[in-house]
Amino acid sequence: MDETETSSERKSLWQYANPRKFMDLTATMLPWVWALAVGLTALGLVWGFFFTGDDFRMGSTVKIIYIHVPSALMAINGYILMFLASLVWLIRRHHVSALVARAAAPVGLVMTLIGLATGAIWGQPMWGTWWAWDPRLTAFLILCLFYLGYIALWSALSDPDLAADLTSILAIVGSVFAFLSRYATQFWNQGLHQGTSVPVATGGRSIDDVFFIPLAISMVGFFFLFLALVLTRARTEVRARRLSVLRARQAA
Amino acid sequence: MIALLLRDLRLAIRSGGGFGLGLAFFLVVIVLTPFAVGPAPAGLAAIAPGVLWLGALLAALLTLDRIFALDWEDGSLEQLALVVPLEGLLFVKALAHWLTTGAMLALLAPVLGILLYLPQGGALPLFLGLIIGTPALSFIGAFGAALVVGIKRGGLLLSLLVLPLYVPTLIMGAEVARRGAQGMPYDVPLALSAALSLFALAIMPFAGAAALRASLR
């Protein structure tokens with residue numbers, strides 16, 4: 001990328017669509033993001049596990065909330081990130097955004113699996129069952145399938161631009177159907193899952209400060225953990241792309 | 001467009017592949033169910049609406065990869081893309097798929113319902129639910145088939161991609177059949193199935209055409 005072109009775009013967010021700028025920025029950011037991720041997640045979890053009392057009804061199983069809620073949150077945010085990055089790719093065709101979408105998928109899948117697993121471990125003593133076909137649980141299972149299909153489509157195509165196009169279309173159509181599925185499952189079955197503990201829209205909350213403060217720290221920690229993982233993976237993708245270009249040039 | 005529709009219908013019926021195969025698969029699923037869950041009428045009647053819907057969905061899924069695969073392999077898809085807008089092509093292909101699977105399955109399902117002791121009053125809602133709900137299956141499926149068109153042996157991938165998209169349709173359709181079989185009013189889920197079908201009809205040709213365009217590039 002030559003100097004004249006970058007200087008005209010200097011004020012805009014889009015300058016980070018330039019892979020070199022993206023790599024430079026993330027190289028300086030990444031140690032801080034990782035430090036925040038590890039520090040805040042550790043603080044939130046240690047505080048939550050060892051320095052809060054047991055809930056009077058749920059006993060010590062309440063502590064699983066410090067992993068369950070943040071991972072579920074990031075599972076959904078990961079999908080939103082994929083959706084937005086896919087839109088950016090389809091509209092502006094910046095390769096970095098396609099690679100970020102690709103990098104986010106496995107992280108989101110792992111977060112979804114953590115959410116499902118911790119939910120099952122909590123549900124066994126509390127609801128008396130590992131699994132229930134509750135709308136929220138079902139929606140998460142469908143989310144898990146979406147992630148699997150998305151990753152499978154990426155890995156099935158060898159042409160990176162075609163793969164980016166098709167997976168972007170899938171992510172956008174998938175998002176529409178994710179909403180439909182959410183309401184369809186609510187129509188289909190009554191819920192066992194309690195309402196959200198931290199409703200952002202209303203600003204209220206249904207849990208006490210004692211539990212909320214470590215939970216909030218843990219949520220922020222998971223956010224940085226997600227960001228750190230996605231950025232690290234995206235950097236690897238950019239490098240892998242450069243390598244394949246170099247190889248192709250050498251072979252030519 | 002009409003010529004294309006007739007061509008697809010003729011191909012489906014004559015080549016002996018898609019048309020008979022889906023219906024035969026549906027028959028197999030329904031016939032095997034009593035062997036798996038036992039012949040007791042009460043048990044079979046309880047699961048009949050769900051099993052019939054599941055069988056219809058799987059039969060539709062089985063025939064999806066034929067929508068584009070053959071035309072892609074012999075290059076006629078590229079030829080067609082020169083003449084017909086891709087959105088229209090996808091619409092016609094999905095419509096042909098629905099006429100040869102969804103509509104036929106809807107006609108066959110009440111008959112096979114007898115094998116599963118589907119209650120008398122349940123046949124009409126089952127038929128209505130299928131005839132109104134299955135267009136969504138064909139149009140979503142045609143979109144999925146457009147996504148995997150360039151991939152060798154994309155069939156399994158196709159089912160993984162399409163499966164989550166089928167969930168709302170299956171929920172609503174099976175709800176129509178279940179309520180109908182129990183003699184309850186089924187107008188709300190039927191209206192919602194119709195909404196899903198119309199939505200798929202309106203959106204999927206564009207999404208699928210975008211995917212085809214990328215693959216043909």
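In chain A, helix H3 (residues 65-92) packs against helix H7 (residues 209-251) at an angle of about 40°, and their axes are 9 Å apart. That angle makes H3(A) oblique to H7(A). The whole thing is a predicted model, where local features need pLDDT of at least 70, side-chain atom pairs count only at pLDDT 80 or more, and totals for chains, interfaces and linings use all residues. Residues are numbered from 1 along each chain as its sequence is written, while chains are lettered from A and ligands numbered from 1 in the order in which they are written.

**The H3 and H7 pair in chain A**
- Axes here are lines fitted to C-alpha atoms, for helices over the stretch in contact, and angles run from 0 to 180 degrees between N-to-C directions.
- Angles under 35 degrees count as roughly parallel, over 145 as roughly antiparallel, 65 to 115 as roughly perpendicular, and the rest as oblique.
- H3(A) and H7(A) make a right-handed crossing; a crossing is right-handed if the near helix is turned clockwise from the far one by less than a right angle, and left-handed if anticlockwise.
- On the H3(A) side, the residues that meet H7(A) include Ile65(A), Tyr66(A) and Val69(A), and among their partners in H7(A) are Phe222(A), Phe223(A) and Phe226(A).
- Sorted by class, this contact has twelve nonpolar, three polar and no charged residues.
- For those classes, Ala, Val, Leu, Ile, Met, Phe, Trp, Tyr, Cys and Pro count as nonpolar, Asp, Glu, Lys and Arg as charged, and the others, Gly among them, as polar.

**The two chains overall**
- Chain A has seven helices and zero strands, and chain B has nine helices and zero strands.
- Helices (H or I, at least four residues) and strands (E, at least two) are DSSP runs, numbered from the N terminus.
- The radius of gyration of chain B, taken over C-alpha atoms, is 17 Å, close to the 17 Å that the globule rule gives for 217 residues, so chain B is as compact as a globular protein of that length. That rule is 2.2 Å times the number of residues to the power 0.38.
- Along its principal axes, the C-alpha trace of chain B spans about 55 × 35 × 30 Å.
- Buried residues make up 53% of the 217 residues in chain B, and 35% of the 252 residues of chain A.
- A residue is buried if 20 or more other C-beta atoms lie within 10 Å of its own, exposed if 12 or fewer, and partly exposed in between, with C-beta atoms placed from the backbone.

**Where the chains touch**
- Here 19 residues of chain B are in contact with 22 residues of chain A; contact means that the C-beta atoms of two residues, placed from the backbone, lie within 7 Å.
- H8(B) gives the largest share of chain B's side, eleven residues.
- That side of chain B has 17 nonpolar, one polar and one charged residues.

**Residues to look up**
- Leu196(B) is in helix H9 of chain B and counts as buried, because it has 25 C-beta neighbours inside 10 Å.
- Leaving aside neighbours within four places in sequence, Leu196(B) is in contact with Ala136(B), Pro168(B), Thr169(B) and Met172(B).
- Most residues other than glycine have a negative phi.
- Arg93(A), not a glycine, has a positive phi of about 50°, and Arg93(A) is in the loop between H3 and helix H4 (95-127) of chain A.
- Tyr117(B) isn't a glycine either, and has a positive phi of about 55°; look for Tyr117(B) in the loop between helix H6 (86-115) and H7 of chain B.
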